[in-house]
Amino acid sequence: MERAMMNLLDNALRHTPPGGLISVCWYNESERTFVSVRDTGSGFDPRDLNHVFEPLYRGESSRNRTTGGAGLGLTIAKRIFKAHGGDLVAENHPDGGAFLVGWISRG
């Protein structure tokens, strides 16, 4: 789980402008533990939302391994959440920025 969280935070840091904010929230509900990471960057391009968890996918065509990571961080994070009986979803927050919510089973 530490690796999954580091990947989510790394992604948020990379896409949040100077002076922006990153919010991390944890909470328990029934048999699951939830975590959300929200940033105040530009968010996901709507065309990319269905692809952000695909291995090696980079939404912005100018990004490459030098400027934008390997394109594996969100893929790995999702696989870790799934291995713990949960999942990870991505969306754009209504107030702007990326919003990722993951959960794991506590049962």
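Which residue forms a salt bridge with R14? In this predicted model, in which local features need pLDDT of at least 70 and side-chain atom pairs count only at pLDDT 80 or more, totals for chains, interfaces and linings use all residues. Residues are numbered from 1 along each chain as its sequence is written, and side-chain values use heavy atoms, with hydrogens and water left out.

The partner of R14 turns out to be D10, with 2.7 Å between the closest N and O atoms. A salt bridge here is a side-chain nitrogen of Lys or Arg within 4 Å of a carboxyl oxygen of Asp or Glu, and the structure holds three of them. R14 and D10 sit four residues apart, about one turn, in helix α1 (residues 2-15); helices are DSSP runs of H or I with at least four residues, numbered from the N terminus.

How does the burial of these side chains look? Residues are called buried under 20% relative accessible area, exposed over 50% and partly exposed in between (1.4 Å probe, protein chains only). On that scale R14 is partly exposed at 36%, and D10 is partly exposed too, at 39%.

Next comes the pair D45 and R47, whose side chains meet in a salt bridge at 2.7 Å, N to O. D45 has a relative accessible area of 28%, so it counts as partly exposed, while R47 reaches 66% and counts as exposed.

That leaves D87 and K78, joined by a salt bridge with the closest N and O atoms 2.8 Å apart. Here both D87 and K78 are buried.

Conventions:
Helices (H or I, at least four residues) and strands (E, at least two) are DSSP runs, numbered from the N terminus.
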